Amino acid sequence: MKLLSIKNVHKDYNSKKVLHDITFDVERESFVSIFGPNASGKTTLLNIIAGLVSPNSGVVEWSEESLRGKVSYVFQNYRET
């Protein structure tokens, strides 16, 4: 059963394409990792999933409305705000 669906998500900052046509599903009780090189859009994608940033286009769908906005993630390295 799907917990989360990401469909055709695009994100641009000014003229720089950060995410292009990202589509995947996350099943309940699954473990998911997002990895890639520096500046590849990983944090942007997590921020979109968490609802902190809106995509330019595409959809983030939660199977239950009660889960929307209840996303946490931990960075690999300490970050100052």
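Q: Is N8 buried, partly exposed or exposed?
A: This is a predicted model in which local features need pLDDT of at least 70 and side-chain atom pairs count only at pLDDT 80 or more, while totals for chains, interfaces and linings use all residues. Residues are numbered from 1 along each chain as its sequence is written, and side-chain values use heavy atoms, with hydrogens and water left out. Buried means under 20% relative accessible area, exposed over 50%, and partly exposed in between, with a 1.4 Å probe and protein chains only. Because its relative accessibility is 41%, N8 counts as partly exposed.

Q: Which residues does N8 touch, not counting residues up to four places away in sequence?
A: N8 has its place in strand β1, where strands (E, at least two residues) and helices (H or I, at least four) are DSSP runs numbered from the N terminus. N8 and D21 are 13 residues apart in sequence, yet their C-alpha atoms are 4.3 Å apart in space. With contact taken as heavy atoms within 4.5 Å, and residues up to four places away in sequence not counted, N8 touches D21, I22, T23, S57 and G58.

Q: What is the phi of N14, a residue other than glycine?
A: Most residues other than glycine have a negative phi. N8, although not a glycine, has a positive phi of about 50 degrees. N14 has its place in the loop between β1 and β2, and counts as exposed because its relative accessibility is 83%. Its phi is also positive, near 55 degrees.

Q: Which elements do the buried residues of α1 pack against?
A: Helix α1 covers residues 42-50, and its buried residues are T44, L45, N47, I48, I49 and A50. An α-helix has 3.6 residues a turn, so residues three or four places apart point the same way. The buried residues of α1 pack against β1 (2-13), β2 (16-27) and β3 (57-62).

Q: Which residues are in contact with T44, leaving aside its neighbours within four places in sequence?
A: T44 lies in helix α1 and counts as buried because its relative accessible area is 13%. Leaving aside neighbours within four places in sequence, T44 is in contact with K11, Y13, V18 and L19.

Q: Which residues does N47 touch, not counting residues up to four places away in sequence?
A: N47 lies in helix α1 and is buried because its relative accessible area is 16%. Not counting residues up to four places away in sequence, N47 touches L52, V53 and Y73.

Q: Which residues are in contact with L45, leaving aside its neighbours within four places in sequence?
A: L45 belongs to the largest nonpolar core and is one of the buried residues of helix α1. Leaving aside neighbours within four places in sequence, L45 is in contact with L19, I22, F24 and I34.

Methods. A nonpolar core is a set of buried Ala, Val, Leu, Ile, Met, Phe, Trp, Tyr and Cys residues joined through side-chain atoms within 4.5 Å.
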